Amino acid sequence: MFGDYSIGDLGAIFAMQGFAGLILFSVYVLMALGLAIIFGQMGVINMAHGEFMILGAYVTWMTSNAFQHFLPSLFPGYFFVAMIFAFIASGSLGMLVEWAMIRRLYKRPLDTLLATWGLSLILQQAYRSVFGAREVGVELPDWMMGSWQATDAIQIPINGMFVMCLTILITIVVAYVLFLSRWGKQVRAVVQNRVMAGTVGINTEKVDRYTFGLGCGIAGVAGSAFTMIGSTGPTAGQLYIVDTFLVVVFGGAASLLGTIASAFTISQAQSTMEFFLSGSMAKVLTLLAIVAILMMRPQGLFALKVRK
C-alpha cells in the first residue's frame, strides 16, 4: 500500500489526516460541550440537541442573506454577528423548552428521552415548513476562503483553522463560566447536592433553566460553525446526535476535560483509520473499540463523584 509513496509523501499525508482529525475534533467538541452540560450536569437526555444546532445554522444562513442584501459593505464580518444571534435564538428556545416541558421530567431520564425525541420531530417539521425541505448553504466571506500553504505538500483550509480557534475560545469561556464564576459554583452545587443547595438559598429552578439554555445556546454556535463544513437541512442534526452522545458518554458525564479528551481520541482514530479503510468501516471499528472500553470502564474516561 505504501510502495508508491516516498517518506516525505507519507509524512505529508499523515499530517493532512491529522489536521482533518483536528477539524473533526473541533466539530465534536463544539457539539458535545452543550450536550455535556445538559446531560452531564442535569441528567437530561436531550435527543433534540441536533435540532438546536440546526436552528443556529438556519439563523446563520438568514443572517448571511440579510447582510448580503441590506449591508453588503459589512458582509465580511457577518459571521461574528450570526454566532451571537444563533446563541440567543437556540438559548432562548432552550429556556422555553425547559420551562414548558423539561422541568416536569427531572429524575425521569427515560421520559426526557421520549419527550425530547418527540420535540426533535416537531422541530424538524417546523424547519421543513418554514425553510423548505431542500438543504441550504451559506456564502463564506472572502477571508475564510482558500487555504494556508504550511509546506509545499501541506495545505490547511482557512475555515478549518477558524473553527479550531472558535472551539478553543468557546471551551475557555465555558470552563471559566462553570468553574470560576459565581453562577458556575451554583451549578456545581446543585449537581452535587440539590436539596442542600436549595436550603442555602440557591434558586435551583433558575439554575436549571439557565443551564439548559446555556447548553442549547452552545449548540446554536456549533450550528454556525457547522455551516462552514456542511449544508443545512431540517434533518441534518440527526446525523451527528449519535456521535455527540458517544463523545459525552465516553468522556464521562459532567466532565469537561473528559469531553475534550474523548472528542480528540474519537476524531483522531476515525481520521487515521479512514486513510486505510472506508469511512463507514472506520466508524464501525471506532464504535467497537469504545464499546469495549466502556465495558471495562462504564463511567467513561473521566468521572466526577457526586452526592445524590
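Gln124 counts as buried, at 9% relative accessibility (buried means under 20% relative accessible area, exposed over 50%, partly exposed in between, with a 1.4 Å probe and protein chains only). The residue lies in helix H4, residues 109–131 (helices are DSSP runs of H or I of at least four residues, strands runs of E of at least two, numbered from the N terminus).

This is a predicted model, in which local features need pLDDT of at least 70 and side-chain atom pairs count only at pLDDT 80 or more, while totals for chains, interfaces and linings use all residues. Residues are numbered from 1 along each chain as its sequence is written, and side-chain values use heavy atoms, with hydrogens and water left out.

Leaving aside residues up to four places away in sequence, Gln124 touches Glu51, Pro234, Thr235 and Gln238 (contact means heavy atoms within 4.5 Å).

## Aromatic pairs

Rings of Phe, Tyr and Trp (its six-membered ring) pair if their centres lie within 6.5 Å; planes under 30 degrees apart count as stacked, over 60 as edge-to-face and the rest as tilted. By this rule the count comes to 13 aromatic pairs. One of them, Phe80 with Phe162, is edge-to-face, at 5.9 Å centre to centre and 80° between the planes. This pair links distant parts of the chain, with Phe80 in helix H3 (residues 78–100) and Phe162 in helix H5 (residues 158–179), 82 residues apart. Phe80 is partly exposed at 41% relative accessible area, whereas Phe162 is buried at 14%.

Trp143 and Phe162 also form an edge-to-face pair, with 5.6 Å centre to centre and 75° between the planes.
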